Amino acid sequence: MSGFAKPLKIALGIAVIAALIVVPMNFNRYGLFILSQWAVMTIAAMGLNLTLGYAGQVSLAQGAFVGIGAYAAAIMTTHGWPLPAAIAAAIVLSFAVGWVLGYPALRVQHHYLAFVTLAFSTLAFLVFRNESWLTGGIYGISNIPRPHIFGIATNKPLPFYYVCLGSLAIVSLAVWWLIRSPWGRAFIALRENPLRAQSLGVDTRRYTLMAFAIGSALGGIAGALYAPLTQYIDPVPFNLSLSLDLLMMVIVGGAGFYFGPFLGAMIAVLLPEWLRFTEGYYLMLYAIAVMLLLIWSPTGILGILDRYMAARRTKAASALRAVAKSRLETAQ
Amino acid sequence: MSNLFDLLVAGLATGAIYALVAVGFTLLWQTSQTINFAQGEFVMLPAFLMLAAMHVGAPFWLAIILGILLSMVLLGLAFKMLLVDPMMRHGVLPLAIATMALAIGIKEAVKQFFSAEASPFPSIVPTGDISVFRHAVSLQSIGVLVVAILAVVGLTTLLNRTSLGHQMQAAAQNPTVARIIGVPVERMILLTFLINAFLVALASLLITPIYLAKFSSGEVLGQAAFIAAIVGGFNQVRGAIAGGLLIGVLDNLAASYVSTQYRAAVPMLVLIIVILFRPQGLLGRAEERTV
């Protein structure tokens, strides 16, 4: 997005944030639910974008971490713990499990890694479904309470939407800081050339595990918000297709682009809603749209924008060069 | 003992079907680096094409032929030309994601244009039992095994004994050199897509009478074939066959000896262990690691 002038970018950012705060105020219950879902899925997709887009480790297990976070939050809040404590527990738990899942990534890469994480995803689903003493089994957990934030009850859809939006803001800032820190640079080095990263003294082993653990922890946060959002969870939403959906969000938005997950989640959550007037055809149209987009631009939507900006910059640069050249010639 | 024997036969029968699907899966990977996440849906669709042909009045044998031909056009030719060809140069991951989207598209199309309910499907082998070594074995299991074995033997003969098969292997193993010595690589790749489409249509014909035709039935099947391909060896046809049989038998044994709740976990654990300790698969050859 570096083609814009900086003040313009800041103005655009403020306008988007203001719109996200103000516009939903007169949305109905369902509209707010969908927007809250967008915020939650964006957090999960941002985590996957760190693992996949920045550190280059393919994971098909992000949905399982959303599930882990959701169950942690559901179990704790229904037993009287406050939501922030539950979120903290979800972060610790998914960070730890994500760290362990990162170990296979030290041995195998690319598609093999995708298969290991896919298997993990299915195993997690089986645990959610079968350990009914803990997770309620196929009946799930109902009556998940929504929190009181600074003494304000967030039972109504609008206040809880602000909880989701606020969490998204905090996570976005943290990720923004992370990818600009030395850690973020180490992640990118891991993706671009692991051998050279290692020879430059980057502890690739630790950063691979970190990339998994941090990405998974964000999945856990998303899950911990998902549980009070729907107020009822069962194993079905956390099966393999959620992991595949999240992966699609990251790729469609643009893997390795900061704003990719925001756009990807918007398309995955909102586009089906906009296409609802087509009734039974909306998921089919969504699938076709994703395929067409990927054929056109395998780097996602932001990839198109990126190429356009790059083309404009080269054009501007060559125009400048032409001017300079003609000046030089006249000077001679 | 009798119980174990029954389980083994049933496991081998489902395993043989997994093997067919897994072989197609590895063929696509070898020739075009396509990880087809829609492979399960590819198995689900031909049954519906055959049902549709019967709806418009075709007899069963004609419906089978039409279904297989249509599958080869849709899942072979169209899949390659419209999705794989434009995306191949962009690398493995975007194409894999596109096939995930394709899986959603096929599922939804079947749900919308055919039915969301499970439909019964006629069997090509008569139902009933025959006695083998004083055990009652269902004719269906034997029929499935025979057809699958014939298909696999036919395929391996094609690949290993004919000039066409050698050209296909050359195109898969080293496209550049193959091109130099005059192998029509593009045509060979198209051929593997057609073979894959034929195999999934055959698998569809064999498995649908057992599990009914349903838009969502591809999910489980695709995953089983996927695991079979990896456990056996991602880059070897014989690996995929062994993997298919192994997963089929394990699945059936796990259902009765481990627990019905965790039967699906056994193939997953096998998968994780195999990938961690022998990533090239039980029968695969090691791939050089790309840096």
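User: Let's start with chain B, what is it built from?
Analyst: Chain B of this predicted model has eleven helices and two strands. Read along the sequence, the elements follow the pattern α-α-α-α-β-β-α-α-α-α-α-α-α.

User: And how much space do the C-alpha atoms of chain B fill?
Analyst: Taken along the principal axes, they fill a box of roughly 55 × 50 × 35 Å. The radius of gyration of chain B is 19 Å, which agrees with the value near 19 Å that a compact globule of 291 residues would have.

User: What share of chain B is buried?
Analyst: Buried residues make up 50% of the 291 residues in chain B. As for its contacts with a separation of 6 or more, 72% are between residues 24 or more positions apart.

User: Switching to chain A, how many helices and strands there?
Analyst: Chain A has 14 helices and two strands, and its C-alpha atoms fill a box of roughly 85 × 50 × 45 Å along the principal axes. A compact globule of 332 residues would have a radius of gyration near 20 Å, and the 22 Å of chain A agrees with that.

User: What about burial and contacts in chain A?
Analyst: Buried residues make up 45% of the 332 residues in chain A, and residues 24 or more positions apart account for 77% of the contacts in chain A with a separation of 6 or more.

User: Now the contact between the chains, how many residues does each one put in?
Analyst: The contact takes 30 residues from chain A and 30 residues from chain B. On the side of chain B that touches chain A, α3 (60-87), α4 and α11 (265-277) each supply at least two residues, and α4(B) gives the most, with 13 residues.

User: What kinds of residues are on that side of chain B?
Analyst: The side of chain B that touches chain A divides into 25 nonpolar residues, four polar and one charged.

User: Tell me about α4(B), is it mostly covered or mostly open?
Analyst: Helix α4(B) is mostly covered, since 17 of its 22 residues are buried. This helix runs over residues 92-113 of chain B, and at 1.5 Å a residue it should span 32 Å, which agrees with the 31 Å between its end C-alpha atoms.

User: Which residues of α13(A) are buried, and where do they sit around the helix?
Analyst: The buried ones are Met284(A), Tyr286(A), Ala287(A), Val290(A), Met291(A) and Leu294(A). Seen down the axis of α13(A), the buried residues fall within an arc of 160 degrees, so they line one face of the helix. The face turned away from that buried side carries the exposed residues Leu292(A) and Trp296(A).

User: Why would residues a few places apart point the same way?
Analyst: An α-helix has 3.6 residues a turn, so residues three or four places apart point the same way.

User: Next topic, which residues touch the most other members of the largest nonpolar core?
Analyst: That core has 202 residues, and the ones touching the most other members are Ala73(A), Ile221(A), Met248(A), Ala19(B), Val21(B), Val23(B) and Ala228(B).

User: Let's take Val21(B), why does it count as buried?
Analyst: Val21(B) lies in helix α1 (residues 2-32) of chain B, and it counts as buried because it has 29 C-beta neighbours inside 10 Å, where 20 or more are needed. Leaving aside neighbours within four places in sequence, Val21(B) touches Gln39(B), Val43(B), Leu199(B), Val200(B), Ala203(B), Leu221(B) and Ala225(B).

Technical notes: Residues are numbered from 1 along each chain as its sequence is written. Chains are lettered from A and ligands numbered from 1 in the order in which they are written. This is a predicted model: local features need pLDDT of at least 70, side-chain atom pairs count only at pLDDT 80 or more; totals for chains, interfaces and linings use all residues. Helices (H or I, at least four residues) and strands (E, at least two) are DSSP runs, numbered from the N terminus. The expected span of a helix is 1.5 Å times one less than its number of residues. A residue is buried if 20 or more other C-beta atoms lie within 10 Å of its own, exposed if 12 or fewer, and partly exposed in between; C-beta atoms are placed from the backbone. A nonpolar core is a set of buried Ala, Val, Leu, Ile, Met, Phe, Trp, Tyr and Cys residues joined through C-beta atoms within 7 Å. Two residues are in contact if their C-beta atoms, placed from the backbone, lie within 7 Å. Ala, Val, Leu, Ile, Met, Phe, Trp, Tyr, Cys and Pro count as nonpolar, Asp, Glu, Lys and Arg as charged, and the others, Gly among them, as polar. The radius of gyration is taken over C-alpha atoms; the globule rule is 2.2 Å times the number of residues to the power 0.38. The arc is that of the directions from the helix axis to the C-beta atoms.
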